[in-house]
Amino acid sequence: MKELKVKLQSGIEISYFDKGISDKTIICIHGLGSNKKAFLRNIDELSQHARIIAIDLPNYGNSSKGDYPSTLRFFSDIVIEFVQTLNLNDVILCGHSMGGQIAILTALNYPKLIAALILAAPAGLEKFTSDEIKRLEKIFTFDSIKNMSDEQIKFNVKLNFYNFPPEAEFMITDRIELRNDPSFDFYCLTVERAFQDILRNSLPDSLQYINQPTLLFFGKQDALIPNKALHPILVEKLANEACNRLKKCKLVLVENCGHFIQFEKPDIFNKEVLDFIKVI
């Protein structure tokens, strides 16, 4: 798939896939530690009915590398700067995991620019106590990310899936090879900083202020959200509570599916997205 790059006014260069011609534009935002390839099983089909843009956030994929704040607000502002640079209007934000939390925050802060939300297992729906945050931060540090073994990388990637598809094997090999990249320290620092900000900026109380139509996905066998060690509640409970707080929400709970919904169950994801954008 052809890769494009654009330099923002801030000087940051964003790498992205761009396919399809339509008056409806969907911008796909990847999750923590991921990149724009997270939407490889969605772009071709969705681009037959909408313009699909999948971006690499700074310090991910082939976008600019540097010592950036890497907070959710920073990423949200980057998304808006990208939208404005490409002169886009009424965009639909599609976010996976951390990308979903970024999408929610962006819709709250820039409501006039965002027409709708597509959220795939979004982060930010849980509230963490200060003690819980401290416990998680001790485990997920710069050093633990940087020194992760091959086996731990494989385990972490596969934890995103209920049934790991062979098409996702590149996620393991790419992450292992990333250790040889000169900018790897920036990647590790970004993942650490973003993870800390995810924990500290839960959004359930803010969902009531989202006016945009929202399509919310969760895999019933999601092993990551909610956090099973700290919040052993059913995925359905968390998902329904979030959807009930949103003014215009459709919830899709996917059977035999883990955290990486759009990649593990692309047929279901793509069909629901196409049905959704037809009526907004």
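## Ground rules

The model is predicted, with local features needing pLDDT of at least 70 and side-chain atom pairs counting only at pLDDT 80 or more, while totals for chains, interfaces and linings use all residues. Residues are numbered from 1 along each chain as its sequence is written, and side-chain values use heavy atoms, leaving out hydrogens and water.

## The cores

The largest nonpolar core has 91 residues, and Ile 26, Ile 27, Phe 82 and Ile 118 touch the most other members. A core here is a set of buried Ala, Val, Leu, Ile, Met, Phe, Trp, Tyr and Cys residues joined through side-chain atoms within 4.5 Å; buried means under 20% relative accessible area (1.4 Å probe, protein chains only). Helix α2 (residues 72–85) gives this core its largest share, 8 residues; helices are DSSP runs (H or I, at least four residues), numbered from the N terminus.

There's also a second, separate core of 6 residues, including Phe 128 and Leu 136.

## Helices α6 and α7

Helix α6 (residues 150–158) packs against helix α7 (residues 169–177) at about 140 degrees, with the axes 9 Å apart. Axes are lines fitted to C-alpha atoms over the stretch in contact, with angles from 0 to 180 degrees between N-to-C directions.

By class, their contact has 5 nonpolar, no polar and 4 charged residues. Among the residues that meet are Ile 153 and Val 157 in α6 and Ile 172 and Ile 176 in α7; contact means heavy atoms within 4.5 Å.

## Cys 243

Cys 243 sits in helix α9 (residues 235–245) and is buried, at 11% relative accessible area. Not counting residues up to four places away in sequence, Cys 243 touches Leu 216, Cys 249, Lys 250 and Leu 251.

Methods. Buried means under 20% relative accessible area, exposed over 50%, partly exposed in between (1.4 Å probe, protein chains only). Helices (H or I, at least four residues) and strands (E, at least two) are DSSP runs, numbered from the N terminus. Ala, Val, Leu, Ile, Met, Phe, Trp, Tyr, Cys and Pro count as nonpolar, Asp, Glu, Lys and Arg as charged, and the others, Gly among them, as polar.
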